[in-house]
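Subject: Structure for your review

Dear colleague,

A summary of the findings follows it.

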Amino acid sequence: MLETMSWRYVLFYIRLKSAYLSQDLKNAMSIVPESSKNSYVKAANELVDNMSEFDYYVRTPKVYESYLYYEKTLQSIDDLVAVLA
């Protein structure tokens, strides 16, 4: 478990990575072919939704939900990479 003082840095790190992710998704949208744009948009939206839910649950004392959305976020990243590959 994390120390109480370092939890603030975890929250900041999640917010920072979320902001970078938004910009990266916009940049990647420009190189996706027209044929796979719909699947890319679906995967990107799912990733953003899971990331925001993860951010919400990290701020609450609900550890299980935080872990659950962490796993969902990782799966969404894998799905998005599969669409881009």
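Helices (H or I, at least four residues) and strands (E, at least two) are taken here as DSSP runs, numbered from the N terminus. The model is a predicted one, in which local features need pLDDT of at least 70 and side-chain atom pairs count only at pLDDT 80 or more, while totals for chains, interfaces and linings use all residues. Residues are numbered from 1 along each chain as its sequence is written, and side-chain values use heavy atoms, with hydrogens and water left out.

Overall architecture

The protein has three helices and zero strands, and its pattern along the sequence reads α-α-α. Along the principal axes, its C-alpha atoms fill a box of roughly 45 × 20 × 15 Å. Of the 85 residues, 26% are buried; buried means under 20% relative accessible area, exposed over 50%, and partly exposed in between (1.4 Å probe, protein chains only). The accessible surface comes to about 6,400 Å², and carbon and sulfur atoms hold 60% of that surface; such areas come from the Shrake-Rupley method with a 1.4 Å probe, and for residues only the protein chains shown count as cover. Among contacts (heavy atoms within 4.5 Å) with a separation of 6 or more, 57% join residues 24 or more positions apart.

The loop between helix 1 and helix 2

Pro33 lies in the loop that joins helix 1 to helix 2. Pro33 counts as partly exposed because its relative accessibility is 48%. The C-alpha atom of Pro33 is separated by 31 Å from that of Asp55, 22 residues away along the chain.

Nonpolar cores

In soluble globular proteins, nonpolar side chains tend to be buried together. A nonpolar core is defined here as a set of buried Ala, Val, Leu, Ile, Met, Phe, Trp, Tyr and Cys residues joined through side-chain atoms within 4.5 Å. The largest core has nine residues: Leu21, Leu25, Ala28, Val32, Tyr40, Ala43, Ala44, Leu47 and Leu80. Helix 1 (7-29) and helix 2 (37-58) each supply at least two residues of this core, and helix 2 gives the most, with four. There is also a second, separate core of seven residues, including Ile14, Met51, Phe54 and Val58.

Asn50

Asn50 is placed in helix 2. Asn50 counts as buried because its relative accessibility is 10%. Beyond its neighbours within four places in sequence, Asn50 is in contact with Tyr69, Lys72, Thr73 and Ser76.

Aromatic pairs

Rings of Phe, Tyr and Trp (its six-membered ring) pair if their centres lie within 6.5 Å; planes under 30 degrees apart count as stacked, over 60 as edge-to-face and the rest as tilted. The count comes to three aromatic pairs. Phe54 and Tyr70 form a tilted pair, with 5.8 Å from centre to centre and 45 degrees between the planes. This pair links distant parts of the chain, as Phe54 is in helix 2 and Tyr70 in helix 3 (residues 63-84), 16 residues apart. Phe54 is buried, at 12% relative accessible area, whereas Tyr70 is partly exposed, at 38%.

Tyr57 and Tyr69 form a stacked pair, with 5.4 Å from centre to centre and 15 degrees between the planes. Here too distant parts of the chain are linked: Tyr57 is in helix 2 and Tyr69 in helix 3, 12 residues apart. Tyr57 is buried at 16% relative accessibility, and Tyr69 is buried at 16%. Ring pairs also join Tyr56, Tyr57 and Tyr69 into a cluster.

Salt bridges

A salt bridge is a side-chain nitrogen of Lys or Arg within 4 Å of a carboxyl oxygen of Asp or Glu. The count comes to two. Glu34 pairs with Lys37, the closest N and O atoms being 3.8 Å apart, and Glu34 is exposed at 66% relative accessibility. In the other bridge, the side chains of Asp55 and Arg59 meet at 3.3 Å, N to O. Asp55 is buried, at 12% relative accessible area, and Arg59 is partly exposed, at 41%.

Nonpolar surface patch

Tyr67, Tyr70, Leu74, Ile77 and Val81 make a nonpolar surface patch of about 460 Å². Patches are made of residues with over 30% relative accessible area and no salt bridge; like charges are joined within 9 Å, and nonpolar side chains (Val, Leu, Ile, Met, Phe, Trp, Tyr) within 5 Å.

With kind regards
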